[in-house]
Amino acid sequence: MAGKAGTTPTTYSPSPTTKKTKAPLFKDDDVDWVRPDGRGFPQCRPAFFRSGAVNAASGSAYAEFGNTKVIVSVFGPRESKKAMMYSDVGRLNCNVSYTTFATPTRGQGSDHKEFTAMLHKALEGAIMMETFPKTTVDVFALVLESGGSDLPVVISCASLALADAGIMMYDLVAAVSVSCLGKNLVIDPILEEENCQDGSLMITCMPSRYEITQLTVTGDWSTPKINEGMQLCLDACAKLAKIMRSCLKAATDSQE
Amino acid sequence: MEYVSPEGLRLDGRRPMEMRQLRAEIGVVAKADGSASFEMGNTKVIAAVYGPREVQNRSQQMSDKALVRCEYSMANFSTGDRRRKPKGDRRSTEISLVIRQTMEACILTHLLPRSQIDIYVQVLQADGGTRSACINAATLALADAGIPMLDLVTSCSAGYLNSTPLLDLNYVEDSAGGPDVTVGILPKLDKVTLLQMDSKLPIDNLETVMQLAIEGCKAIANHIREVLLENTKELEYRRGV
Amino acid sequence: MVGLSLGEKHFIQGGIAQDLRCDGRKRLTYRPIYVETGIIPQANGSARVRMGATDVIASVKAELGRPSSLHPDKGKVSIHIDCSPTAEPSFEGRGGEELSSELSVALQLCLLGGKSGAGSGIDLRSLVVVEGKVCWDLYIDGLVVSSDGNLLDCLGAAIKAALSNTGIPRVQVTADPSSDEQPEVDISDEEFLQLDTSGIPVIVTLTKVGRHYIVDATGEEESQMSSAVSISVNRQGHICGITKRGGAGLDPSIILDMISVAKHVSEQLINKLDSEIAAAEAEEES
């Protein structure tokens, strides 16, 4: 700066021509609005899974749903910390964190405690904990880019990573969320839709056993609507699990 | 600022030698071995005692006496301005230590070797004198838990503002920056087990202020004894003795 | 946490299977609820709720703040729960933090509704003083003093009671609201506005023990659970939030059945709670 003292300072200002105006996503009673990415209401984003994304981990997976990109690595089972008491079932240690560039505004890249607790609750019912007593399995999830429905993507990806690590599970865990916007149910919402949702419903389930491991609902729902939302999610979960399964199969085939 | 009006009344309308209203209740936490709540005016604390029980951390076990532990915590809503305080800050660690040392001195720890006694005090409302209120609540809770004690420890504070000794300071008087003497005594034995003072006070006045606090302690001891007696009578009645 | 022998476990499970629990209740009966309001004079509203040996305190503090830029026409509400070590020695130090954050998240989910504020029991629009500039921020603090199961329902009831006890000072805006500067406000210390609490939902937790589910489980019963579903229901019978605890998976049809049971139970609970709150308020005033 000191060297430039003699010259006239050039000021910088963002050019006003690129000002973006965002149209409201939808009007209150308008049923015929289009989703920002052109999907139909009961249509999920294209899902992409790839197992074995991190070499150092005992198992890992990468998932991409539209703009939501998540990487999960699984370490262990390893010996539990000495300070922990003896237990005849295994322990599950989860962590969900965001990169600094994951969100539109530069974040802190900090841990996400709520999601960590939810991930733990969604997975613990599916893992056969009794197969690795006295040991701990670490599940570290990193959200590379947040594009909406982060938690369901993290959960599905984590179960794939666990399978990749060879941890015994009853079934793969697939998770899907539904947003309630006005009168409509919108599956697999993106960030903009999540920001103005009236309610949300997330289901994580084990499709082959037809069991729900975790369920969260917020907002105002009538019973028929919950029914509809749950059915929508369960169908989507079943389809998602098929994609996950084929990804695992492809990975083992290529190894042989 | 004037803390004592020319008529000899304090900001909350008390006389200099007057204590705030005391209220005590035993058995407020059903699952604890002993518990009590203690109120001094607007200051309200709850104490719960767990034990004597097996020592949790084996390395801390003592073969000749009991291990006494204490934790002091303040509720978020206890102070006027709402603040999120991290647990275990310096102030609460210090008060935990003071309470632990005071209670340890009066518990007959040699009668309970290889065991542990936990005292938890929770401040629901803070309006000056929380330290004293916590000690009084802990005494009641220990008595409720049936832990053998030398005597009931009681504590009270006194200050010196506008050249007048004042008993039982409230928050406004406490934050005036004047001296604040907290005394804890064993009333039956007439012994002082705790003495703390902030700020400075001429040595000639210390004795009068301390004497005032001791008088306060004795008054509290009488109240506590009454409450305990009442509680015992009720228990007796319930058991049909 | 709760040490039970094999015999005791069988006794609890057997009792639940026969619809006669250890304390003589039926599967869908609550313990008696005691409500006390206005116990923290320094707060804008407060309440203490007891269900059996579970004892919680909730307080509401209102502070003036700025609305967020996303929702300039809404005030803000935050819920934070603390677990006192008086309730359980294991909550000592940082031991209670995990449970505290779990309870806080669950209550936020169940009581505050979706991101747009729909389904929230508290009308966030009523908290705005000057749109986009000044609004009331409600800080709801809960404290678990004694715990014997069913903390979530109890905390939900305490928050409902504390909110109906809350008086928010009337505010006079003195400066011109159209100017860009932060308007000056004059807070009245005599006139208070009551919050409309009729829409605040109650939380019903159904704990699954064996093949049956029970409401208002005690600590001992909770130690035998396979999973628990907390459902918050408002007066209209609408579901405002669901969270699930416990690892075991549930069949979707069971969850739908639980929802209908919760709706049925919530009607009685809301009526019972409302009459208790009214009684407590009346006692405080007298």
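The dialogue below reads a few features of a predicted model.

Q: Which conventions apply to this model?
A: Local features need pLDDT of at least 70 and side-chain atom pairs count only at pLDDT 80 or more, while totals for chains, interfaces and linings use all residues. Residues are numbered from 1 along each chain as its sequence is written, and chains are lettered from A in the order in which they are written.

Q: How do the axes of α2 and α3 of chain C cross?
A: Two packed helices are described by the angle between their axes and the distance between the axes. Here the axes of α2(C), residues 97–111, and α3(C), residues 151–164, come within 11 Å and cross at roughly 55° (axes are lines fitted to C-alpha atoms over the stretch in contact, with angles from 0 to 180 degrees between N-to-C directions). That makes α2(C) oblique to α3(C), the class left when angles under 35, over 145 and from 65 to 115 degrees are set aside.

Q: Which residues of α2(C) meet α3(C)?
A: Leu103(C), Ala106(C), Leu107(C), Cys110(C) and Leu111(C) meet residues of α3(C) including Leu155(C) and Ile159(C), where contact requires C-beta atoms, placed from the backbone, within 7 Å.

Q: What is the strand order in the open sheet of 8 strands?
A: Strands of a sheet pair through backbone hydrogen bonds, either parallel or antiparallel. The order in this sheet is β7(A)-β6(A)-β8(A)-β9(A)-β12(C)-β11(C)-β9(C)-β10(C), with antiparallel pairing (two strands pair if DSSP finds at least two bridges between them). The edge strands, β7(A) and β10(C), each pair on one side only, and 7 bridges join β8(A) to β9(A).

Methods. Helix = DSSP H or I, 4+ residues; strand = E, 2+ residues; numbered from the N terminus. Contact = placed C-beta atoms within 7 Å.
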